[in-house]
Every structure is written in structure tokens, then in C-alpha cells.
Amino acid sequence: MERLRAIILKEIWALLRDPKGRIILFAPPLLQLLVFTFATTLDVNDARIGVLDRSGGVQSSELVQQISASDNFAEIRRLSSHDDLARAIDDQEIIAAIIFEPTFDRNLTKGKTATVGIVLDGRRSNASQIVAGYISSIIASANVSADKQTATMTSGARSIATNWYNPSLDYIWFTLPSLIAIVSAVAGLSVTAQSVARERELGTFDQLMVSPLRVHEILIGKMIPPWLLGMLNGTIFLAVATLFFQVPFTGSLILFYLSLAVYMLALIGVGMFVSAASTTQQQAFLGSFLAMVPIILLSGYASPIENMPEWLQMTTLINPARYFVVLVQGLFLKAMPFDMVVQQLWPLGLIALATLSASAWLFRARME
Amino acid sequence: MSGYLSFDRRRLTALVTKEFTQVVRDPSTILIVLVLPLILLFLFGYAVSLDASRTRVAVVLEDSSEPALSLAMAYQNSPYFDVTMARSLKPVRNMMIDGEARAILVIPQGFGQGVKKGQIPPIQIITDGSQPNTANFTTAYGNGVLNNWAASRQLEAPRGQATSQPLQISTRYWYNPALKSQFFLVPGSIAIVMAMIGTLLTALVVAREWERGTMESLMATPMQMSEFIASKVIPYFLLGLGSMAICSLTAVFIFGVPFRGSIFALLVLSSAYLMPSLGMGLFISAATKNQFVASQIALLSSFLPSFLLSGFLFEISSMPLPIQFITNAVPARYLIPSLQTVFLAGDFWSLFLPNILIMLAFGIGFFLLSFRTTHRSLD
């Protein structure tokens, strides 16, 4: 016990000794949380679009008026010709262009159907689909208002949309809790992965081996400081999210810490495995990076798991972040009850057990 | 120091050879140049899909009349939804909490009666707001199915009068008519792979010389600082181009991404991009002289920004202004639109040239900075 305490203390000192290293432990995670919270929105606002009005009539300019009144567009650029339009889209000055052909107003006054053309930049297909949606809904509402006299069944079909857990669909309420999972994965993995590899590269690992420390004591001593660091960072994130960004936390704090503890253990197992496998810091760093990218991309944060092909959805089942993302989202926004937390927690616990045993085995094997 | 930019051919060759030997000897470098790009590409190609696919929803049928059943069938047959049926809200409530369902569509009691009277009662769409993107999407498609259903019933009804919609929309997506998100994600991920190799690898190798003390041995040789930097830049520049080539071949032949531009343009763009990438790596390592700190800073200043702040996944124009301002300092921001264009659209030099110039300017800036930092610590 005495020995264990000594090595834990030594490891904590090793982490905190270097002033640059000290800053690196806390500042970047927090910075990531702040910057990426604001940056990672799939909404499209302030899009730049163009209008090529070859009709020049009353109806078309009225429609242009309505479109420019929308908050979703920053700038409506007047285009003079099809060439002008092509150039503006090619150079990505605008993401979409609306075209009124010369017959547009004529057709409308004759009571015929007039076509509004929309050209979009498929290189950014996601954003342009959203922009197409904005434009279509403006045109659709113009249709409805033109159609008011004849109350038809189509306009009679309605729905009432309610958004549970996040009534105004605030994007930050989604990103912040999920980013806790991502950022603590990045920090936890990289710190653990360096621990053994660094001592190996600098040659101090041999000194540890000749000390009276037992193998499991070294292992535990190496794991506890990053675990504590993860819990501390988790606490800071929780405070920033709830106090600074006012994201509601509706679940139980005890369950949050329980989940975070198990999640950190699973990650530290992965990090220690990488560290035990590598002989230099460079290898450890690249190894942890190699683990980090799939953990982030397959967590359901970067894009929904439902969108992935079947075989990849199966692969996500062994990703600890997949469960933790569900847990943090549930605990923050959905007041996730105990039994549902347990449903996510037991696979996470199994993963932690697997990664920790695998790393202990490899660590032992590489010692001899 | 005589002459910043004087190179002795023999010394430079020796240094570059040393660097290459180290690259070949360390299996992790091969890993980062060959394996990592492929893994990244496959993950971005398969895992990150923003395309509409089947969203899991629950349809609660509170009414069992013929119109209600027919609407429920319409949802079940929609390619956008993966439907679970229920009779009341209670059993599906929990499905929303663990994400088993992303929305609940409630067809209310008295729906059938309302339809018979010619007035369709509103259905309720409850979405999981914790995923705003999916929530918006589900509401839109839920309404779409409802409207189509209503329209098709109206066509069947003999007395119903077809609505004339005065305005019609014709939408065309240039360069990516099938709207495959892979087509813009895969070229974008090439930029991220090159950022990895350029910045992360370079940062580590130079910091390693300092940390292991081999830097002092190098300084004791007649080597010039410019030769040292060149010896670090040349191998990793070539490695970067190599993995760019591997990525591009994979993109075209495995993911079927079209390649409509020229190889020349691709080469010029990637070379220009590798300048700020490598320069940043050199600067980080010279400034930190510690592998752990260098790796963390490189990760923070190169990988994550080129992933999140470059317009690769998230639209820059939607970010708040201060963040939009920060994105100007992310070199990948200038490469990604050009790469997407080379692949999907063709050679548009009016788009490429300003971007190339900015990237080169960044590159020169970083090289000057690292020159100064490395030089100063010689004394």
C-alpha cells in the first residue's frame, strides 16, 4: 500500500512537474470545448445565394423580396447572366442560385404554372440541401398564399411538431454534452498512452523495474493519475456546460460520475494498451491517435450511427464513446432514469474490463 | 552564421539520407504514411455520412379507423423511416430516452372521423430535441409523408378538385447530382491526412532530436540551420505527397469519387498545402522541444481545427463571427474547397490561385518563425 501510494504520487508529480505540460493538461481540453461548441453546428445560416432574374416582372421581384427577407441568407447577389452564375458557383462565392426564366411572369399572369429554377453547389451537398429546403419552403408559402381562396385538402393536412428535451432545438444543448465524451477521450487517451512509452524512451523504465515495485503496482500507479485527471476535467466541463452555457442537467449527478468513472477506465485501458505496445513516444502518440479517430467518428456524435452501413453499426458496439454519448445526452437533457443508465453502463463496464485486462496482460508480457 | 540559405549538397544529402533511414526504421512512420490515411479515408467514407437514411421512429396509433391505418402504412412504407408501431404513448416513451426512437408520430383519436368530414385533424410529431439535426429532418420528412398521403387520398376522392400549384420548383445540384456526402467528405479527408503527416509527424521528429539530446550532436557538426530544416522538410514533403497519392487513388477507385480536374492541379494544391503544414510542425517542435507537449499542441492546432474549423463538416458561414475569424488561420480551410473542386468539378484556377497564395504565405510565415526559434536556441 505504501509502495502504491509512492508511485501514484510520483506519477502525479511527473505529470505536473513541467509547466508546459501542466498547461497542456487543462487548457486545451477547455479550449476545445469552447471553440468546438460554437463551431460544430450543422445548421446553415447566413448563406450567400444569387438571383438570376431574366423575367424582370412584378411576380418574380416580389418573390426575390420574400427570399431576401429570410434570416437564413446573408447576401443576395444579382447575377447578370448564366455565365456569371456559373462563375459565382464555381468559385464558391455563392452556394445556390435562383433562376427566373423570361417566361416566368408571362406564365403566371396567364394562370399557367411557372417554374423557379434552383442551381446548387453539390460539392457541399449537405449545406446545399438545407439551402434548397429554405428556398422551397419560401416558394411553397407563396403558393399557399396564392391558393388561399380554394381551401383544399392538401393545405388541410397539418401536423403539430413538439421537440422534447430541447424545445427550441438549441444546437449547443446537443454539442456540449457530447463534446464532454469526445474531449475527455482525447485527453485521457493521449496522457495514458505517453506514460509508459515516455519512461521507456528515456530509459527510466528500467529503474522502475529494479525497484521493489510489483508489476500491478506500477500499472495501477500509471493509471490512477490520468483517471483522476479525467474526472477533474469532466467536472470542469460539467460546470462550464451548466453554469456558463446554461445547458440543463436533469439527471442524477451520482450517475453522471459513475458513468464518467467507468468510461475513463475503458479509455485508460485502451491508452495503456497502446503505451505498453510502443517503445517510443512517437509510436505511442500515433497509436493513441489511431484509436482516437474511430472512437470519435463511431460515437454517434460526428454523424448518427443509424446512417452507417450495417457492419459498421455492429462495430460501434465495442466503442466506449458510443455508450457514453447516450449517457451524457440522457443525463443532461432527458432525466435518464437509473434502470436505463444501467442498460448503457453494463456494456461500458464490460468494455472497460476487457481493455484493462488486455493492457495488463500486454504490460506484463512486455516486462519480461 | 554565414548565409541563411547556403546549402552544401553533400551535407544535405547526408542529412536527408539519415532522416529517411529513421523513417524506414521506425514502423510507426510507415503506419502513419500508409495505414493511417487508408483507415481515415475508410472511416470518413463509411462512418461519417450526412445523407438522409432510415430514421427510427415510433408511430402511435390512437385511432384504428381506415384512414389512420392507411397513414400509418404510408409511414411504414416510407424509405426515410424505420417504424415501430404502438397503441399508446407510454410504451414508446423510453425508446426516446436511449435513442431507440428519434421521434414519435401520434395519429390522434378521431383522426378517421375527421378525415370523413373532410377536415384532417393534425397529427403530432414529437422529436428528440437532443439531436437537433435529426429532429429538423424528421419533422420535415414526417410532414412530407403526411402531405403526400393527403394528396394521394384527394386524387382518389372523386369530388376532390386537384389543386393547381402556380409555382413549381426545379432543383439541380451541380457537380454532385446524386448528392452523395462521400463525394465531398472523401476529398476533404485527404486534407486532414496531409495535415497529420505534415504537422504531427514533423513536430514529433524535431522535438525528438531535442529531447534525446541528439540535437546537440547535430549542432556540433558543420551543419547549417538551413540544411537542418531542409533535411526535415524534404522527406516529409515527399511522404505527404505519397500518402496524398494513395488517398486520391483510393478515393477514385474504391469510393468512386469522380476526378474531373487535372493531376497537375492536385499536385500544385497539395504541395502548396504541405508548406504551412510542415512549417507549423517545425515551429511547434522548435518552440516546445518536448515530444509530449509538441504532440498535444500539434493535435490541437492542426488535426482538430482542420477537422472542425475548415468547413469540412461544418459550414463556416454558420459559425459565430469570432470563430469565423479564427478559421482564417486554419490552412486546411483554403485547401478543402479546392480539393473538392478538383475532384468533383474541374480546374477552376480563379478559385485555386488565391487559395494557393494564402497557403504559401502561411508556409513562409511558419518557416521564418521556426528559423528564428531554432536559431536563437543555438546560442
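This is a predicted model: local features need pLDDT of at least 70, side-chain atom pairs count only at pLDDT 80 or more; totals for chains, interfaces and linings use all residues.

A: In chain B, helix α7 (residues 182–212) packs against helix α10 (residues 263–288) at an angle of about 30°, and their axes lie 7 Å apart. The helices α7(B) and α10(B) are therefore roughly parallel to each other. Their crossing is right-handed.

The residues that make this contact can be named. From α7(B) they include B:Ala191, B:Met194, B:Ala195, B:Gly198 and B:Leu201, and from α10(B) they include B:Tyr273, B:Leu274, B:Ser277, B:Gly281 and B:Ile284. By class, the contact of α7(B) with α10(B) comprises 15 nonpolar and eight polar residues, with no charged ones.

The sheet may be considered next. Five strands make up an open sheet of mixed pairing, and their order is β5(A)-β4(B)-β3(B)-β1(B)-β2(B). At the edges stand β5 (159–164) of chain A and β2 (81–86) of chain B; each has a single partner strand, so one side of each is left without a neighbour in the sheet. On average, neighbouring strands of this sheet are turned by 20° against each other, direction ignored.

With β3 (residues 103–107) of chain B, strand β4 (residues 123–128) of chain B pairs in the antiparallel sense over four bridges. One of the residues involved is B:Ala103, whose bridge partner in β4(B) is B:Thr127. With β5(A), by contrast, β4(B) pairs in the parallel sense, over six bridges. Here A:Ile160 stands opposite B:Gln124, and A:Trp164 stands opposite B:Asp128. Five of the six residues of β4(B) are buried, so this strand is largely enclosed by the rest of the structure.

The pairing of β5(A) with β4(B) leads on to the contact between the two chains as a whole. This contact takes 95 residues from chain B and 97 residues from chain A. On the side of chain B that touches chain A, the largest share comes from helix α6 (residues 132–156) of chain B, with 14 residues. That side of chain B has 48 nonpolar, 38 polar and nine charged residues.

Definitions and conventions: Residues are numbered from 1 along each chain as its sequence is written. Chains are lettered from A and ligands numbered from 1 in the order in which they are written. Two strands pair if DSSP finds at least two bridges between them. Axes are lines fitted to C-alpha atoms, for helices over the stretch in contact, and angles run from 0 to 180 degrees between N-to-C directions. Angles under 35 degrees count as roughly parallel, over 145 as roughly antiparallel, 65 to 115 as roughly perpendicular and the rest as oblique. A crossing is left-handed if the near helix is turned anticlockwise from the far one by less than a right angle, and right-handed if clockwise. Two residues are in contact if their C-beta atoms, placed from the backbone, lie within 7 Å. Ala, Val, Leu, Ile, Met, Phe, Trp, Tyr, Cys and Pro count as nonpolar, Asp, Glu, Lys and Arg as charged, and the others, Gly among them, as polar. A residue is buried if 20 or more other C-beta atoms lie within 10 Å of its own, exposed if 12 or fewer, and partly exposed in between; C-beta atoms are placed from the backbone.
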